[in-house]
Amino acid sequence: MTATDTGPLFLVLLFPLLAAALAPLLTSALGHRAAWPLALAPAAAFAIVAANGGGVSAGQPLLFGFDWIPSLGIRFSFRLDGLSFAFALLVTGIGAAVVLYAGGYLKGHPGQGRFFSFILMFMAAMVGLVLADDLMTLLVYWELTSITSFLLIGFDHERERARRGAIQALVITGGGGLALMAGLILIRWATGLSSMSEILGSGEALRQSAYYVPVLALILVAAFTKSAQVPFHVWLPNAMEAPTPVSAYLHSATMVKAGVYLLMRLNPALGDTAAWETILPLFGGATLITGALLALAQTDMKLILAYTTVASLGLMIMLIGAGSETAVEGAVLYLLAHALFKGGLFMVAGSVDHGAGTRDLTALGGLRRAMPITFAAALLGALSMGGLPPFFGFLAKEETYSGLAGLDTRALILTGVAVAGNALMFSAAFLVALKPFLGKQPETIHHPHEGPVLLWIGPMTLGLVGLVAALGASFTHHVVSSPMASAVMGEAVDIHAVIAFHWGVPLMLSLLTVGLGIALYLAAGPVRAVLQKAVTGVGWGPDRGFDQAMGGLVRLAFSVTRWLQSGRLDFYMTTVFVIVAAALLLPMIAFGGLPTVPGVPALEFYEWTVLFMAAAGVILVLITRNRLTAIVSLGVQGFGVALLFMFMGAPDLSFTQFMVETLSVVILALVMTRLRVAVDDHRPWIQVVPDATIAVAAGAGFGLLLLAVTQMPFNAALSDFFIRHSYAIAHGHNIVNVIIVDFRGIDTMGEIGVVMVTGLAILALIRIRVGRRAPAMPDPTETTP
Amino acid sequence: MEVALSALVALFFGAAVYLLLSKHIIRMLLGMVFLGNAVNLLIFTTGRVASVAPPVIPEGATVPPDAVANPLPQALILTAIVISFSFFAFLLVLAYRAYQDIGTDDTDKMRLAEPEERGLPPLGY
């Protein structure tokens with residue numbers, strides 16, 4: 001299908017991005033009122049998605065997109081079916097509410113435009129993630145949500161805790177993103193399936209694949225890190241350092257559900273195996289209990305909500321892996337309910353903070369008169385979270401218990417875990433929704449006040465939607481829940497749950513949950529004390545583990561750097577020359593490039609003399625302990641080389657070499673008399689042996705290379721060119737001079753430049769002493785005559 | 001002749017490397033001089049050597065009448081000799097000034113750029 005077939009759906013992806021680009025400009029022009037026009041973008045996207053609902057609820061997925069990298073078979077393609085439809089509605093709908101809320105919450109903040117921009121960017125990424133069909137498109141959007149989440153958590157980047165939370169979230173979810181990339185590539189490599197549509201239509205291909213277990217493991221790591229399952233859950237509470245709109249949007253309603261989305265999406269292809277139905281309930285259940293218990297140990301409203309979010313995500317994962325169709329229906333209903341009530345409750349926490357100046361439950365109370373609308377919104381959320389009728393959360397809980405209940409051991413354990421988790425969350429919900437508003441107002445709160453319309457319109461709307469959706473349950477199920485559950489199951493599913501009491505096991509379990517929840521609520525203080533004591537008693541946790549791991553990483557990098565860059569010059573030189581020797585010798589030996597053994601050359605006696613003279617000069621420099629001998633020997637080897645040049649038809653070289661060697665010896669002698677250092681370096685034997693070995697190896701390498709080269713035929717084309725054209729083109733008799741000043745004139749000019757710059761540098765080194773630190777030793781120029 | 005020069009080049013390179021592995025700047029300086037000569041001889045020998053006339057065209061001719069030495073390596077080496085000399089002079093003055101300021105020519109004690117105790121980088125966020 002081409003892009004023109006479903007043109008408007010591309011706008012869903014485009015609108016938030018456009019709004020993100022405009023946000024800073026609009027905010028600097030309109031201030032916090034920019035929230036109203038900016039909220040139009042997600043609202044319009046919501047409307048476009050909703051307008052395509054007819055085909056989706058009839059079970060007809062819409063596919064759109066275009067080729068991205070055709071040579072690799074990668075497309076930029078999307079799929080709108082029941083699952084992505086529901087998620088897209090949540091992302092854009094709650095997105096609109098959050099943008100409005102952020103307008104009120106960050107009113108007057110200098111970074112409000114930046115904030116709008118980030119959160120709309122995130123929205124674009126999240127919509128793309130839930131709509132993506134091609135696996136690489138999915139991966140790109142998945143990573144974009146991690147990056148925008150990092151930017152939003154670290155929004156208040158001047159606080160260290162915010163920076164830490166941002167880095168922790170990025171490291172953990174980014175690590176999961178790498179696992180996702182490996183998993184998706186492995187799926188493509190093992191089965192050739194390149195998009196979700198193909199995977200969903202492939203039947204048993206993935207389950208039968210020999211790579212099922214590694215694929216499952218990688219996908220689970222991705223989902224568990226993103227959806228904050230134990231032990232990766234730590235980043236979610238720390239992400240509460242972000243401004244409250246971020247917590248409401250990313251870290252409860254949308255991004256943290258990306259892992260749940262991925263598992264729901266792949267359930268028809270990866271699910272229904274023993275591994276799936278063991279691992280998911282295990283991690284989900286552990287997360288549910290851990291999160292719910294830790295929630296009751298907190299006093300900060302946002303942290304309570306964050307830990308219950310961890311618990312809720314665990315419940316959803318557990319339900320996906322429970323294995324029955326009704327359990328999946330429960331997961332679907334719970335996901336919808338959770339997005340509505342948790343998003344709203346987070347906004348309530350922010351409003352309380354805004355109106356009363358604190359989020360600490362122990363310092364709050366009696367706000368019902370000052371903040372009646374917020375109180376109402378809080379109650380709407382908490383009643384749904386507690387699973388009480390007639391709210392959507394009630395439907396979710398009934399369906400959950402119907403899906404889990406059973407008589408075998410596994411069902412009993414899962415039901416017990418679900419009841420315990422739900423009871424804990426019930427009390428947490430009402431701690432957040434009742435405690436700040438009931439009772440007596442503490443002295444510490446001055447002038448509590450209701451927020452402006454921007455602050456309560458979001459939570460109020462979400463709370464009411466949770467109520468209306470439950471009252472009109474059959475419509476909700478027809479349009480949203482049933483198509484979603486069908487997509488998750490891979491077959492047509494009809495959800496029938498409505499607000500009605502059916503005397504049976506689920507209702508009994510519900511009553512038990514509520515009873516336990518009320519008991520826990522009443523005993524909140526002692527329960528918190530016990531839990532806090534337990535947390536401090538355990539001491540070590542994944543959070544501290546993260547710090548240790550990051551610290552360890554820095555230490556490891558430091559010691560590796562320390563080893564590679566020891567700061568000792570002889571270490572560097574040794575490394576360089578060992579590699580030079582190896583690079584020369586090893587290929588020659590490995591590829592048979594060694595020269596043939598030559599006989600003793602037949603030379604004239606004066607040639608032997610000059611060769612020995614040069615060699616003697618070199619050896620004398622190496623062994624002498626006398627400074628003057630060393631300098632003179634240096635000159636001897638130089639003159640030896642100069643004489644060699646002369647015998648071999650190179651008088652120009654010989655002349656230059658004589659001049660340079662003479663100058664070198666004179667300058668060296670002048671300087672050496674001022675340096676009171678021994679010319680012998682006193683190398684201990686333990687050092688002489690390896691150094692000499694390296695030197696011999698490197699020398700042999702060069703010598704053998706040269707010998708091998710000279711044993712090959714010589715190509716004189718270039719030299720012949722210069723010999724033939726020297727006079728013809730450049731009218732010069734001395735061919736070497738012609739090459740230097742004519743054929744390679746520019747090169748010679750560069751050489752003159754080098755010499756000149758060197759001269760200037762030498763002059764500077766000798767003359768300029770301004771700003772020099774006091775010498776560590778007396779200046780020899782002053783102490784020696 | 002190439003065989004004998006190959007042996008000499010090997011000796012020059014070996015001596016240069018040995019001196020450069022020293023901890024003393026002044027010894028390394030001598031090594032640099034050897035290294036320059038070693039490279040020059042290497043280039044010279046690669047262009048093939050023999051006891052022949054220099055590459056000069058006699059008056060009145062447009063090409064040399066007999067075989068002459070290969071002019072190309074000579075041109076390259078001529079440049080190299082001058083460059084190595086200025087390099088040597090620069091290093092010598094640098095070593096001299098370093099000795100004046102630090103009071104030693106031992107590279108182990110020249111730790112201004114990479115100090116001995118560098119301490120851990122910050123571990124916070």
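In this predicted model, helix 14 (residues 274–296) of chain A packs against helix 15 (residues 301–320) of chain A at an angle of about 160°, and their axes are 7 Å apart. Because angles over 145 degrees count as roughly antiparallel, helix 14 of chain A is roughly antiparallel to helix 15 of chain A. The crossing of these two helices is left-handed. On the side of helix 14 of chain A, the contact includes Leu280(A), Phe283(A), Gly284(A), Leu288(A) and Ala295(A). On the side of helix 15 of chain A, the residues include Ile304(A), Tyr307(A), Gly314(A), Ile317(A) and Met318(A). By class, this contact has 16 nonpolar and 6 polar residues, with no charged ones.

Helix 12 spans residues 244–253 of chain A, and 10 of its 10 residues are buried. Among them are Pro245(A), Tyr249(A), Leu250(A) and His251(A).

The last topic is the contact between the chains. Chain A contributes 93 residues to this contact and chain B contributes 82. On the chain B side, helix 1 (2–20), helix 2 (25–46) and helix 3 (71–102) each supply at least two residues. Helix 3 of chain B gives the largest share of that side, 24 residues. The chain B side divides into 54 nonpolar, 17 polar and 11 charged residues.

How values were computed: Residues are numbered from 1 along each chain as its sequence is written. Chains are lettered from A and ligands numbered from 1 in the order in which they are written. This is a predicted model: local features need pLDDT of at least 70, side-chain atom pairs count only at pLDDT 80 or more; totals for chains, interfaces and linings use all residues. Axes are lines fitted to C-alpha atoms, for helices over the stretch in contact, and angles run from 0 to 180 degrees between N-to-C directions. Helices (H or I, at least four residues) and strands (E, at least two) are DSSP runs, numbered from the N terminus. Angles under 35 degrees count as roughly parallel, over 145 as roughly antiparallel, 65 to 115 as roughly perpendicular and the rest as oblique. A crossing is left-handed if the near helix is turned anticlockwise from the far one by less than a right angle, and right-handed if clockwise. Two residues are in contact if their C-beta atoms, placed from the backbone, lie within 7 Å. Ala, Val, Leu, Ile, Met, Phe, Trp, Tyr, Cys and Pro count as nonpolar, Asp, Glu, Lys and Arg as charged, and the others, Gly among them, as polar. A residue is buried if 20 or more other C-beta atoms lie within 10 Å of its own, exposed if 12 or fewer, and partly exposed in between; C-beta atoms are placed from the backbone.
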